[in-house]
Amino acid sequence: TRRDDVVDEMAMFNVDVVDRLAREYGYTKCQHDPRQGLSAYRRATTCDGTPEIVRVWCGTRTVETQLKHPNRPARTALFRRNVPHYKALGAIFDNPRAHTGTGYYRDPEKDTPCPGCGKHFRGVIGSVCHYECGKCKSNPCASSARRTAYEVARRAGADFLVERIAYREYATDSDSDDEGYHETDGYESDGYNYRCNACGKEFKLLNALMQHQKNRSQCQHLVSQSS
């Protein structure tokens, strides 16, 4: 009895079986990243030769299809998590346009604006990274932007800042009207300013902390519980 259609609920796809399925439906392998467990396949079946691309993450049984949209210049990307078995995967290879909506989610829209310039990003992390890197027109100096981000977080009462005893420092900027001694707010340009409340790891930039919590499920879960 052939067992290729059966996958245990907690098991991953076998890359050799996925390769064989892709070949059966006319695809050629165009990418393989063993660290991510990712394999990508392409098939040119449209009249203008535009390829259909199917990417498979074997470890999570996640499938992405990239197809030419009939009314848009860019490709449309659709994702499906936890594809249940090889039969379902074969159906996607056979006709990646025949989506039923079950288990699929779209690539997120750029719906989060930068508070400084209004440019939109896919989520808060993209917006914060853009600002802290000095790419925002409202504050193009990276060092200044990073300090501003810290000050905004402190004013908001954020509980993920590394607490430091305030001290006085002398501002030596000759172009500043505020030259002289000032109380610091705890920010250090070369220091670790943010701390993950879940695991205690410290970060220099706010976007690095956010990326850490997004990618580490344990921290994400604990932080969401405490908020």
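1. Of the protein's 227 residues, 36% count as buried, where buried means under 20% relative accessible area, exposed means over 50%, and partly exposed is in between (1.4 Å probe, protein chains only). Keep in mind that this is a predicted model, where local features need pLDDT of at least 70 and side-chain atom pairs count only at pLDDT 80 or more, while totals for chains, interfaces and linings use all residues. Residues are numbered from 1 along each chain as its sequence is written, and side-chain values use heavy atoms, with hydrogens and water left out.

2. On to the secondary structure: you'll find six helices and twelve strands. Helices (H or I, at least four residues) and strands (E, at least two) are DSSP runs, numbered from the N terminus.

3. How many aromatic pairs are there? The count comes to six. Rings of Phe, Tyr and Trp (its six-membered ring) pair if their centres lie within 6.5 Å; planes under 30 degrees apart are stacked, over 60 edge-to-face, and the rest tilted. Take Tyr150 and Tyr187: their ring centres are 5.3 Å apart and their planes sit at 55 degrees, so this pair is tilted. Tyr150 is in helix α4 (residues 142–155) and Tyr187 in the loop between β10 (180–183) and β11 (194–195), so the pair ties together parts 37 residues apart in sequence. Both Tyr150 and Tyr187 are buried.

4. Tyr150 also pairs with Tyr194, this time edge-to-face, with 5.9 Å from centre to centre and 65 degrees between the planes. Here helix α4, with Tyr150, is linked to strand β11, with Tyr194, across 44 residues. Tyr194 is buried, as is Tyr150.

5. Is Thr112 buried or exposed? Thr112 counts as buried because its relative accessibility is 17%. You'll find Thr112 in strand β7 (residues 112–113). Beyond its neighbours within four places in sequence, Thr112 is in contact (heavy atoms within 4.5 Å) with Lys119, His120, Phe121, Gly123, Val124 and Ser127.

6. Lastly, Gln211 sits in helix α5 (residues 206–215) and counts as partly exposed, at 34% relative accessibility. Its C-alpha atom is 9.7 Å from that of Gly126, though Gln211 and Gly126 are 85 residues apart along the chain.
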